[in-house]
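Here is a short note for a colleague who is opening this model for the first time. Please keep the sequence and the structure side by side while reading.

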Amino acid sequence: MGDVKNFIVRHFRHFNAATLVDAAEAWGRHLSQGGAMLLTLGGAMSTAEMGIVIAELIRKNKIHALSVTGANLEEDIFNLVAQRSYQRFPNFREFGPTQDKALYDRGMNRVTDTAIPEQEAMRKIERRMVELWQRAEQRGERYFPHEYFYQLLEGGNLESEYEIDPKNSWVLAAAEHKLPIWVPGWEDSTLGNMFVGNVISKKIGDYRIVKSGLEQMDSLVRWYTETDATRRLGFFQVGGGISGDFPICVVPLIEQDLGRTVRKWGYFCQISESSTSYGSYSGAPPTEKITWGKLDVDTPRFMIESDATIVFPLLAAYLLEF
C-alpha cells in the first residue's frame, strides 16, 4: 500500500487525480480529528469485488457505517459463496441480444463484464434466507435487511461454502464489527424480489418481518443524532442513486422536520461518472446540497469524476497509509 501511496503523491498532481489526493487527505484528517465516516455504495461495486478494499477499510476503522443498495449487500455474499462459478466476458461490448439470451438460458445474469450464476449464488442464498425469514415469523421477530445477512454469517454456518478468502468480503467484515447498514429500496434487489415471491406463494405469511424503509430512516435519525453528539460525521459516496440520497437527507430531517439542532455532515466526497445536468442528482455538484441543508459552506467537499472501480482502491490505498 505504501508504494501505491508514494506513486499517487508523485504523479497525481492535477485535475481529477489531484482531487483524489485532496479527498484522501481530508478523509484522513477527518478521522484523526475524531470523526467517523459513512460510506455509500451504488452501482455494482460488490460484483466489481470492491469488497477487497472496503473490508480492509472497515478492519482499520476507516469506515463506521454504510448505506448500500440491496444489490451491493447481496452480491458481496453471492461472490463469497459462488465465485468459482462466475464468468467474466472481457469482450462484453461486442455482445448482441442473441448472446445475452444465451446467457439467460444458462442461468447467468450479466453485470457489465461479469455473469452471476443464478443457481450457485442467488438460489443458494435464497434457500438460506427463507429459513431465516420463516424463523423470524415463527418467533414474531422483525429485522432490517442487513440483520438477516448478519444472521446468515453468524456462527460460521456458511463457512464451508466460501469460495473466496473471507477477508475480502465487506459484509463479513461489517458483521464482525457490528456496523450499522441501511439498505433503502431493498425490494429493488434479487433477494427483495424473492422475498415478495415467497410471500405471494405463502411460504412466508407477512411482509412485516422485514423492517421498512421508513423504519430504516428512523434508525438513521437515531444513529446520526447519537453519533454526532461525540463524533463529527463524514459522507463518502460511491456512485449515485438511492444509497446516497437516502442517508444524506437525515440532517435536514432532524433540523427542519424535528426542529432539533445537529451538525451538518463534516466531510463530503463523491466519485461519479454522471455529468452535471439539469435535474440530475448523481451529477449535481456538492454545493447544491448546501441549499438543502445537507452540507455547510465550510464542509470539505470533493467531486471525483471518474470510474469508482479505478479510483476508490487507489484512494483507499492512500488512506490506509495515512
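1. Basis. This is a predicted model, where local features need pLDDT of at least 70, side-chain atom pairs count only at pLDDT 80 or more, and totals for chains, interfaces and linings use all residues. Residues are numbered from 1 along each chain as its sequence is written, and side-chain values use heavy atoms, with hydrogens and water left out.

2. Largest pocket. It holds about 540 Å³ of space. A pocket here is an open set of points on a 1 Å grid over the protein atoms alone, with protein on both sides within 12 Å along at least five of seven lines; lining residues have an atom within 4 Å of a point. A volume is the space filled by probe spheres set on the points, which are joined across faces, edges and corners. The lining has 29 residues, and Ala44, Ala48, Thr112, Asp113 and Thr309 lie nearest the centre. Strand S3 (87–88), strand S8 (267–272) and helix H13 (308–320) each supply at least two lining residues. Helices (H or I, at least four residues) and strands (E, at least two) are DSSP runs, numbered from the N terminus.

3. Ala, Val, Leu, Ile, Met, Phe, Trp, Tyr, Cys and Pro count as nonpolar, Asp, Glu, Lys and Arg as charged, and the others, Gly among them, as polar.

4. Second largest pocket. Its space is about 200 Å³. Helix H7 (145–153) and helix H8 (170–176) each give at least two residues to its lining. H8 gives the most, with 3 residues. The lining includes Tyr150, Glu159, Tyr162 and Lys178. By class it divides into 6 nonpolar, no polar and 4 charged residues.

5. Cavity. How many cavities of 30 Å³ or more does a search of the whole structure find? It finds 1. A cavity is a set of points where a 1.4 Å probe fits but cannot get out. The largest cavity holds about 40 Å³. Ser46, Glu49, Gly51, Ile52, Asp76, Asn79, Ile164 and Asn168 line it. Helix H3 (51–59) and helix H4 (70–82) each supply at least two of the lining residues.

6. H4 with H7. Their axes come within 10 Å and cross at roughly 20°. Axes are lines fitted to C-alpha atoms, for helices over the stretch in contact, and angles run from 0 to 180 degrees between N-to-C directions. H4 and H7 are therefore roughly parallel. Angles under 35 degrees count as roughly parallel, over 145 as roughly antiparallel, 65 to 115 as roughly perpendicular and the rest as oblique. Leu73, Glu74, Ile77 and Leu80 of H4 meet Pro145, His146, Phe149, Leu152 and Leu153 of H7. Contact means heavy atoms within 4.5 Å.

7. H6 with H9. Helix H6 (residues 118–139) packs on helix H9 (residues 190–200) at about 55°, with axes 10 Å apart. That makes H6 oblique to H9. Among the contact residues are Met129 and Trp133 of H6 and Leu191 and Phe195 of H9. The contact has 8 nonpolar, 2 polar and 2 charged residues.

8. H1 with H13. Helix H1 (residues 2–11) and H13 pack at about 110°, with axes 8 Å apart. That makes H1 roughly perpendicular to H13. Val4, Lys5, Ile8 and Val9 of H1 meet Leu314, Ala317 and Tyr318 of H13.
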